[in-house]
Structure formats: structure tokens, C-alpha cells
Amino acid sequence: MLSYYINNNDVSNNNYAKAMAYLDEAFHTVTIYAFSTPYNLDKIQLGMDAIQLYLHPEKHVTSSSSIQPSFQYEITRGTWLKALRALTSSSINSSRPIIITSLLSYNNGVGNNSNNNNTCITPADAAFRILQRFITGRGVRCRHQSSKQTNRNNYSQAVGIKKKEQKGQKKNQYRNNNNMSNTRLDERDFNMVLHAYAFTHQMQSAHRVLALQEQLRPRSPPLSPVAYSILLKAYGQKGDVKNVEICIHHAQRNRVQPDIVMGNTVLDAYVNCGLVDKAEMLFDSLSVDDGVKNNASEDHEEDNDI
């Protein structure tokens, strides 16, 4: 419908606003369905295609039209998060399917990207590129805009506004992206992508997520026991004792305080690697530490009672 109005030069306020209202409603309906549980690859591909259409509507306008829209839309962070959860889910990554998409293949200066328009990528790679969008702010809208305001902005960009107004919009867009780049990133976003790579045993890409998280400090959250537990579980399942030890030393170097989950993950990793004796020694040391802490807490409670 949007292409019809633009291609036929029928871009009056009423018609264009009406077209944009239909487009917004259709987009939200499709993405809610596409990224809902139970996850399905065909549904996710439909949602990715809808995002592509929403981000770059100018690609669907015929070249014969005298009006070529130069605007690009922004998608709410909530919609991106739904896509991220779907792409990183275990059910989708269990068979390592391929998604053919181009919406995330752009050079944003973060990580390694491909400039090909039609790129075959795994769901984990698609999730990594969504994470890159969270970092740069490109195509991400943090706050909800009313459909009336969105339609007004899109109409102004489609019919061609004055140069001063265009410059002002560019400044506002730069300011919004700059504010986005200064916001603190969520650890859960990194861990979802990390889990998707580790689940499919793409460990080199998993370490790329860790390197990116460390590189973006202090904007990004510090590495936590959750991230190391994900890596240790993956290396333990592979029986890769060398990388298990490297992960442990890396966590110690970063002064990460292991929690009970990370401790159990290390035990499982050693057992899977055939190092049962080492797992027993670690278990005994953890038990001794817990016993000392419990005795200390009991003594403290007795002192308080006195």
C-alpha cells in the first residue's frame, strides 16, 4: 500500500498517513506472531523479512517513480529483543538451520560484518548482528512514538522537506544515536548470543562476544559467572580440558567470584573430560570452604544471641 501511494505520486497527508497506519499495524501484528513461542524457523524468517521491509521501504519502490523516499524507520527495542530471544533459543539452534536475510548485513564498525545483500547466516550470527545494533543504536528506537507523530515524520521525509529541516533531523538522528551509544548495555543480551554460539559449538564466535563485551567497558557489564558457566559447559561437553583450564584462569584473572552454578559447571566439565580425581578434589575444597563459612555464620549467630 505504501509503495502504491508513492509510485503513483499520491502522497497527500491523509493518504500517506493512512498508508503508514496500516503499515505499522501490519508490522506489529506480523512480528508478534513471528517471534512468539513455540519458535519456528519459517515464522522467524517471516519476521526477519518484515523487519527488512520496515527498515528499508525504499527498496520496494519502483525506479520509475518521481518520488524516491530516503527515510529509514527505527524499530522498538522490545521488538528487537523478541527477535533476539527467538534466534538464540535452543529449539531453533538445535539443528543449526540457515536463515537467508540481508537486513543485518551492514558495516557498522563493530565486529566483522559482510556487505553482501543476500547472506546465508546462522540464527546465532543474526543474533550477534542484533547485538551490534544495540551497541550502535542503528535502527533501534528506545522510546515508543505515537503513530500520529511517526506518520507526520515519515510524510515529511517522503515528500521532501526543506534543507534546514533535513539538517535538523540529521542532527536529531545523530543525537538520538549518540544517546543510544552512551546507554548501558544489558548483560542478558550478551549472554543470549553467547549461549547460542556455545550451544552450537561455535566457540571462536563465542569468544568474539566476550571480546566485544570487554572492549566496550564501562558501557557493557563486566563478565560474570554466568558467561563463564556457558563457556565451561560447552568445553566440558566437548571434553576439551585445555580450554576448560583456560576459562578458569581467565575468570581468576578477571577476579570473577564463582557462584554455585559456576562451581557445579566446573565439576561437570572435569567429569566430562575424564578428570574425576580433579573433580573430587575441587568438590572437597568447595565443601571445606562451605563448612568454614557455615561455622563462621553459626558462631556469629551465637555471639548475637549472647
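**Exercises on helix packing and backbone geometry**

Pro218 is found in the loop between α10 and α11. The structure examined in these exercises is a predicted model.

**Exercise 1.** Classify the relative direction of helices α9 and α10 and describe their contact.

*Solution.* Step one is the geometry: the axes of α9 (residues 187-199) and α10 (residues 203-215) come within 7 Å and cross at roughly 165 degrees. Step two applies the cut-off: angles over 145 degrees count as roughly antiparallel. The two helices α9 and α10 are therefore roughly antiparallel to each other. Step four lists the contact: Phe190, Val193, Leu194, Tyr197 and Ala198 of α9 meet residues of α10 including Met203, Ala206, Val209 and Leu210. By class, this contact of α9 with α10 has nine nonpolar, two polar and one charged residues.

**Exercise 2.** Carry out the analysis for α9 and α11.

*Solution.* Helix α11 covers residues 225-238, and α9 packs with α11 at an angle of about 5 degrees, the axes being 10 Å apart. Angles under 35 degrees count as roughly parallel. Helices α9 and α11 are therefore roughly parallel to each other. In the contact, Glu187, Asn191, Leu194, His195 and Ala198 in α9 meet Val226, Ala227, Ile230, Leu231 and Ala234 in α11. These residues of α9 and α11 divide into seven nonpolar, two polar and one charged.

**Exercise 3.** Identify the residues with the most contacts inside the largest nonpolar core.

*Solution.* The largest nonpolar core has 63 residues, and Phe35, Trp80, Val193, Leu194 and Val244 have the most contacts inside it. Helix α6 (residues 123-136) gives the most to this core, with eight residues. For Phe35, the residues touched include Ile44, Met48, Ile51 and Ala83, not counting residues up to four places away in sequence.

**Exercise 4.** State whether His201 and Arg255 are buried, partly exposed or exposed.

*Solution.* His201, in the loop between α9 and α10, has a positive phi of about 60 degrees although it is not a glycine. With a relative accessible area of 40%, His201 is partly exposed. Arg255 lies in the loop between α12 (241-253) and α13 (260-272), and its phi is positive, about 55 degrees, although it is not a glycine. At 73% relative accessibility, Arg255 counts as exposed.

Conventions:
Residues are numbered from 1 along each chain as its sequence is written. This is a predicted model: local features need pLDDT of at least 70, side-chain atom pairs count only at pLDDT 80 or more; totals for chains, interfaces and linings use all residues. Side-chain values use heavy atoms; hydrogens and water are left out. Axes are lines fitted to C-alpha atoms, for helices over the stretch in contact, and angles run from 0 to 180 degrees between N-to-C directions. Helices (H or I, at least four residues) and strands (E, at least two) are DSSP runs, numbered from the N terminus. Angles under 35 degrees count as roughly parallel, over 145 as roughly antiparallel, 65 to 115 as roughly perpendicular and the rest as oblique. Contact means heavy atoms within 4.5 Å. Ala, Val, Leu, Ile, Met, Phe, Trp, Tyr, Cys and Pro count as nonpolar, Asp, Glu, Lys and Arg as charged, and the others, Gly among them, as polar. A nonpolar core is a set of buried Ala, Val, Leu, Ile, Met, Phe, Trp, Tyr and Cys residues joined through side-chain atoms within 4.5 Å. Buried means under 20% relative accessible area, exposed over 50%, partly exposed in between (1.4 Å probe, protein chains only).
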